[in-house]
Amino acid sequence: MSFSAEWLALREPIDHAARDAGILAAVISLIKGETPARITDIGSGTGSTIRAIEKETKHPIAWHLVDNDAALLKVATAESQNADVKTSLADLSTSLDAVFAHDCDLVTTSAFLDLVSTEWLSGFVDALKKHKKPFYAALTYDGRAGAMPPIGHDDIILNAFNAHQRTDKGFGPALGPDAADTAIEMFSEAGYEVFHSLSDWQAGPADIPFQRMLLEGWQQAANEIRPDLAGDFADWYDMRQKLLIDAENYHPSVFVGHIDFLALPTQ
């Protein structure tokens, strides 16, 4: 599964505002020493994690970005001209070799774990434990979401969206809303010390293009789960569009629940 560069650009300021400052500060504290820190970012997209971390530290960092989308890696390289960046085009659903192709001090990801299966995540945790690598995961969806003001069919749309989150995204049946809790439990059982906090998206009238694309995504996901209700979902989307168009009067907003966590090996 991949995402468009347009969507990733729209969500980046929302992502950066949502990241938990305490967890991010703990990540920055790991970046030290006289040589560049080495970070491998999986599911890197256009390199948003580079920009989120490098605005918090001046310490030199050598990045290794891993993604299955060549076009997004090309954008990431172009937008990171002042950074030391290597890229690997790899399908992590079939092999984790690319994650460890270059030695690193930290593995990171964002908005990725909710796409993977329990089996894949278990193998990933085992691999990180074997290599004794810390792991920072930002913005894993946790099943909470909503739009204001409330209108009819909101609950049906969100229930269908959450059901869609559990469908196969290329890694087997996705963990979806259970991803963060499952990952935290797996890392804890593997002997890691895990710190976690909420990192919810909050978007208001200043973020209309983002809201419009997010709501369109909810409708499309709901249609795939409940095609018998496609007409109702179209009416719901039309009403949401009217609220966005008249944002000055209705102050439309959305929130999406996420969890950030940092897992540190204890041995």
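Two residues are said to be in contact when heavy atoms of each lie within 4.5 Å. The model I present today is a predicted one.

I begin with two helices. Helix α1 covers residues 5–18, and helix α8 covers residues 208–225. Their axes are 10 Å apart, and the helices pack at an angle of about 120°. That angle makes α1 oblique to α8. The crossing of α1 past α8 is left-handed.

Which residues of α1 and α8 meet? From α1 come Glu6, Trp7, Leu10, Arg11 and Ile14, and from α8 come Pro209, Phe210, Met213 and Leu214. Of the residues in this contact, 7 are nonpolar and 2 are charged, while none is polar.

I turn now to the aromatic rings. A pair of such rings is described by the distance of the centres and the angle of the planes.

Tryptophan 120 belongs to helix α5, whereas phenylalanine 171 sits in the loop between α6 and α7, so that the pair links parts of the chain 51 residues apart. Both tryptophan 120 and phenylalanine 171 are buried.

In the other pair, phenylalanine 135 and phenylalanine 187 are stacked, at 5.5 Å centre to centre and 25° between the planes. Here strand β5 supplies phenylalanine 135 and helix α7 supplies phenylalanine 187, 52 residues apart. These two phenylalanines are buried.

Finally, one aromatic cluster includes Trp120, Phe171, Phe135 and Phe187, together with Phe112, Phe124, Tyr192 and Phe261. Thank you.

Notes: Residues are numbered from 1 along each chain as its sequence is written. This is a predicted model: local features need pLDDT of at least 70, side-chain atom pairs count only at pLDDT 80 or more; totals for chains, interfaces and linings use all residues. Side-chain values use heavy atoms; hydrogens and water are left out. Axes are lines fitted to C-alpha atoms, for helices over the stretch in contact, and angles run from 0 to 180 degrees between N-to-C directions. Helices (H or I, at least four residues) and strands (E, at least two) are DSSP runs, numbered from the N terminus. Angles under 35 degrees count as roughly parallel, over 145 as roughly antiparallel, 65 to 115 as roughly perpendicular and the rest as oblique. A crossing is left-handed if the near helix is turned anticlockwise from the far one by less than a right angle, and right-handed if clockwise. Ala, Val, Leu, Ile, Met, Phe, Trp, Tyr, Cys and Pro count as nonpolar, Asp, Glu, Lys and Arg as charged, and the others, Gly among them, as polar. Buried means under 20% relative accessible area, exposed over 50%, partly exposed in between (1.4 Å probe, protein chains only). Rings of Phe, Tyr and Trp (its six-membered ring) pair if their centres lie within 6.5 Å; planes under 30 degrees apart count as stacked, over 60 as edge-to-face and the rest as tilted.
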